[in-house]
Amino acid sequence: MSKESALHEPLVTFVTTDYAGITRGRAMPASDYKPGKTLGWVPANMSLTPFGQIADPNPWGSAGDLRLMPDGR
């Protein structure tokens, strides 16, 4: 795939709403998506404040991995 076509490739976005009510997510190329596919999500993302800073203390830390999975709707 050329760099130019990669810039225009459709994306599939996996989103979740955090404890502050802000929708956050990750995207992947639509051509890579298959039903049941998941994306990694670091637990520390749940400690981002509405202002984009990491809360201190951060009860979740930066270790570990969660998975975002579409609900199929």
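**Note on the predicted 73-residue chain**

1. Of the 73 residues of the chain, 19% count as buried, where buried means under 20% relative accessible area, exposed means over 50%, and partly exposed covers what lies in between (1.4 Å probe, protein chains only). The accessible surface of the chain comes to about 5,500 Å², and 57% of that surface belongs to carbon and sulfur atoms; these areas come from the Shrake-Rupley method with a 1.4 Å probe, and for residues only the protein chains shown count as cover.

2. On the basis of the values: this is a predicted model, in which local features need pLDDT of at least 70 and side-chain atom pairs count only at pLDDT 80 or more, while totals for chains, interfaces and linings use all residues. Residues are numbered from 1 along each chain as its sequence is written, and side-chain values use heavy atoms, with hydrogens and water left out.

3. Helices (H or I, at least four residues) and strands (E, at least two) are taken as DSSP runs and numbered from the N terminus. Among contacts between residues at least 6 apart in sequence, 34% join residues at least 24 apart, a contact being heavy atoms within 4.5 Å.

4. Strands S1 and S2 pair in the antiparallel sense over seven bridges, pairing of two strands being assigned if DSSP finds at least two bridges between them. Within this pairing, Thr16 has Arg24 in S2 as its bridge partner, and Leu11 stands opposite Pro29 in S2. The hairpin of S1 and S2 has five residues between the strands, and there Gly21 takes a positive phi near 80°. As background, most residues other than glycine have a negative phi, and most peptide bonds are trans.

5. Pro29, which is found in strand S2, counts as partly exposed at 28% relative accessibility. Leaving aside neighbours within four places in sequence, Pro29 is in contact with Glu9, Pro10 and Leu11. The C-alpha atoms of Pro29 and Thr13, which are 16 residues apart along the chain, are separated by 8.8 Å.

6. The largest nonpolar core has six residues, namely Phe14, Met28, Leu39, Trp41, Met46 and Leu68; such a core is a set of buried Ala, Val, Leu, Ile, Met, Phe, Trp, Tyr and Cys residues joined through side-chain atoms within 4.5 Å. Met46, one of the core residues, is in contact with Asp18, Tyr19, Trp41 and Trp60 when neighbours within four places in sequence are left aside.

7. The count of aromatic pairs comes to one, with rings of Phe, Tyr and Trp (its six-membered ring) pairing if their centres lie within 6.5 Å, and with planes under 30 degrees apart counted as stacked, over 60 as edge-to-face and the rest as tilted. The pair is formed by Phe14 and Tyr33 and is edge-to-face, at 6.1 Å centre to centre and 65° between the planes. Phe14 lies in strand S1 (residues 11-17) and Tyr33 in the loop between strand S2 (23-29) and strand S3 (39-41), so the pair ties together parts that are 19 residues apart in sequence. Phe14 counts as buried at 5% relative accessibility, whereas Tyr33 is partly exposed with a relative accessible area of 29%.

8. The loop between S3 and strand S4 (66-68) contains Thr49, which is buried with a relative accessible area of 19%. Apart from neighbours within four places in sequence, Thr49 is in contact with Ile22, Arg24 and Ala55.

9. Pro57 also has its place in the loop between S3 and S4, and a cis peptide bond, with omega about 10°, joins Asp56 and Pro57. Asn58, in the loop between S3 and S4, counts as partly exposed at 25% relative accessibility. Asn58 touches Ala44 and Ser47, not counting residues up to four places away in sequence, and the C-alpha atoms of Asn58 and Ser47, eleven residues apart along the chain, are separated by 6.1 Å.

10. Met69, in the segment after S4, counts as exposed at 59% relative accessibility. Met69 and Pro35 are 34 residues apart in sequence and 9.6 Å apart in space, C-alpha to C-alpha.
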